Structures are given as structure tokens and as C-alpha cells.
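Dear colleague,

Please find below the structure that I am handing over to you.

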Amino acid sequence: MSANLIDGKQAAKEIRIGLRKEVAALKEKGVAPGLAVILAGSDPASQIYVANKEKACEKVGIASQTIRMPETVTQAELLAEIERLNTDPAIHGILLQLPIYKHLNEREALLAIRPEKDVDGFHPINAGKLFLGEKAPVACTPAGCMELLRRAGVPLSGKRAVVIGRSNIVGKPMSMLLLAANCTVTMCHSRTVDLPSVTREADILVAAIGRPRFVTADMVKEGAAVIDVGINRLEDGSICGDVDYDAVAGKAGWITPVPGGVGPMTIAMLLVNTVEAAKAALNA
Ligand code: NDP
């Protein structure tokens, strides 16, 4: 069989179209959604991510501002900036672009962001709410994966889901979201014994590992939905996912490509979280 391609680029575009209308409606009610991105690091990839976020905000009418902090910034200055944004009523979402400079304390900075403005869903309060099944901003990448599954019409309730990877930003929240959707969830990691025998049970298989083409066709159940979160840069400069796409596409029922699958959804969900935060501020 040949898998249905889950097109993240198209889904992200549709989400932006919907958001544009929501943003216009909010503006009519006197609330202009605002996102602040703090760039306090020198990772070259961060510059690209931040520029992409600015562009995406512009497309839907969200007012975005990027606060670029020099390498000499102190922890106190970073915290003071976060606090200024916490109390700025024009800012509904605050995002600290990671990684930050090594001399800064990332955990303390993330904790300083008000949970209701934490559009990345990384604050322990929001991670805890996800764990408890309460409404809260959810980390953008796993939220994007769920949105792709829903849009593709993949049955979830009662199905076996396997997540490879247990990071705080992808694997763990992904598992919680699948559980909330009534999947029977198994979390796998580098110590999992006989991984292929576990993944072959999966009706929904999520790969968030960071190893090029790690998931091979023999690890996949016929007809499964395969969500590839991985972004791996190869020596020739090209990008590939954690799934051996060509081989797995011949066996899976649904599959996300890399690029053009989960990647575009991450920014789309950031916009969704920002608009949701603005709506919450309006109703507060
Ligand atoms: P981490 O490095 O934080 O986590 C990787 C996970 O994979 C760990 O839990 C690790 O297990 C597990 N793992 C590593 N090797 C194996 C193995 N041989 N068998 C089974 N499990 C293994 O990565 P992230 O979660 O941050 O990211 C994962 C991938 O997703 C990366 O390629 C990243 O670039 C991409 N990514 C993509 C995003 C997007 O927008 N599309 C956003 C965020 C990430 P253990 O815990 O035991 O070490």
C-alpha cells in the first residue's frame, strides 16, 4: 500500500487563514494579539527561527516584536525584561528562544514567564496542567502533531500509540496528548529493549529522536500513521527526518514528510497559542 501524505505546509496555511479572521475579530473588540520573542543567544539557527516567526505573525496580523539581547546581558537584565513583558497588556505571548547564552540560567528565565503568556507551553505550571488534563498552552510541536492527526482523520480513541523520544518539549507532552485522546500510549527511549517489537504494535507511531532515517519499514505496522518530528541535517546540507520515508511510505497508512510535515505546524501552533492567550486576556 502507499501511505496518505499528511501535508503540514498546507495544514499550516489553512490554520493561518483561520487565524487571520480570528485576529481581525479580536482587533474589532479592541484586542490586538501581541507576541514578544526574546533572543538572548548566538545560535545561528535561532536567527532563522525568529525571522520565520516574525514573518508568520505578520501573515495573520499578530503584532510581533523581537528583543535581541547582547552577549553581555546579565541574568538580572533578562529577568527584568521578562517581567516588563509580563506586565505589558499589549503582549499576550512571550517566547524565550532557546538555546540562550551559556552564562544565563535557562530554567529560572522560563519560570519567570507568566504561565498565561507562556505560548511555548514550557512552564512547569503548563506542563503540569497538561499532565492533569487541564486546559493550558501546549508545547507547539506536539500540539502540531495532534492537529495533523486530527486533520488527516486518523482514528485515535482506543488505538495503540508509540512515541519514540521522551524529551520535555516533544516526547513527553506528545504522549500526554495522545493519552488525552484516549490512545493506549507507550513511551520509548534509548534504553527501550527490542524497540522494533514495540513500534510494530503502533497504530500511531511518533518519532522524535534526532537520528536520520532511524525508523525503518520493518519497525512499522502495516497501515499505521507515522509522524516524523525529526529534523536532521545531513553532510550534503539536506534535511531528513527520523523516518526512512521512502521505505516506510510503502507500508504506512499515513505519513508526514520532512521537510513539509511537522515543521511548519510548530510555528502555526505558536500563532494559535498566541491568539488563544489574547482571547483569554479579553475574557479575563
Ligand atoms: P532530544 O535529544 O531531547 O530527545 C531525543 C530522544 O530520543 C531522547 O528521549 C532519547 O532517549 C531518544 N533516543 C535517542 N536515541 C535513541 C535510540 N537509539 N532509540 C530510542 N530512543 C532514542 O530531542 P528532541 O525531543 O528535542 O528532538 C527530537 C527530534 O525532533 C530532533 O531531530 C529535533 O531536531 C526535532 N525537533 C523538531 C521540531 C519541529 O518543529 N519539527 C521541534 C523540536 C524538535 P533518552 O531519553 O533515553 O536519551
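R213 is placed in the loop between β7 and β8; helices (H or I, at least four residues) and strands (E, at least two) are DSSP runs, numbered from the N terminus. R213 has a positive phi of about 50°, although it is not a glycine. Its relative accessible area of 45% makes R213 partly exposed; buried means under 20%, exposed over 50%, and partly exposed lies in between (1.4 Å probe, protein chains only).

The model is predicted, so local features need pLDDT of at least 70 and side-chain atom pairs count only at pLDDT 80 or more, while totals for chains, interfaces and linings use all residues. Residues are numbered from 1 along each chain as its sequence is written, and side-chain values use heavy atoms, with hydrogens and water left out.

Other backbone features

D194, in the loop between β6 and α8, likewise is not a glycine and has a positive phi of about 50°. With a relative accessible area of 47%, D194 is partly exposed. Cis peptide bonds join L98 to P99, with omega near 0°, and V258 to P259, with omega about 0°. P99 is found in the loop between β4 and α4 (106-112), and P259 in the loop between β11 and α10.

The sheet of β3, β2 and β4

An open sheet is formed by 3 strands in the order β3-β2-β4, with parallel pairing; two strands pair if DSSP finds at least two bridges between them. β3 (63-68) and β4 (93-97) are at the edges because each has a single partner strand, so one side of each lacks a neighbour in the sheet. From one strand to the next, the twist averages 20°. Strand β2 (residues 34-39) is joined to β3 by 6 bridges, and A36 has Q65 as its bridge partner in β3. Helix α2 (residues 44-60) packs on this sheet, touching β2, β3 and β4, and its direction makes about 160° with that of β3. Here, contact means heavy atoms within 4.5 Å, and axes are lines fitted to C-alpha atoms (for helices, over the stretch in contact), with angles running from 0 to 180 degrees between N-to-C directions.

Strand β8 and its partners

In a regular strand the side chains alternate between the two faces of the sheet. In β8 (residues 225-228), A225 and I227 point one way, V226 and D228 point the other way, and all are buried. Strand β7 (residues 204-207) runs parallel to β8 and is joined to it by 4 bridges; L205 stands opposite V226. β8 also pairs in the parallel sense with β11 (residues 254-255), over 2 bridges, where V226 stands opposite I255.

T199, in helix α8 (residues 195-199), counts as buried at 0% relative accessibility. Neighbours within four places in sequence aside, T199 is in contact with V162, I164, L205 and M219.

With kind regards
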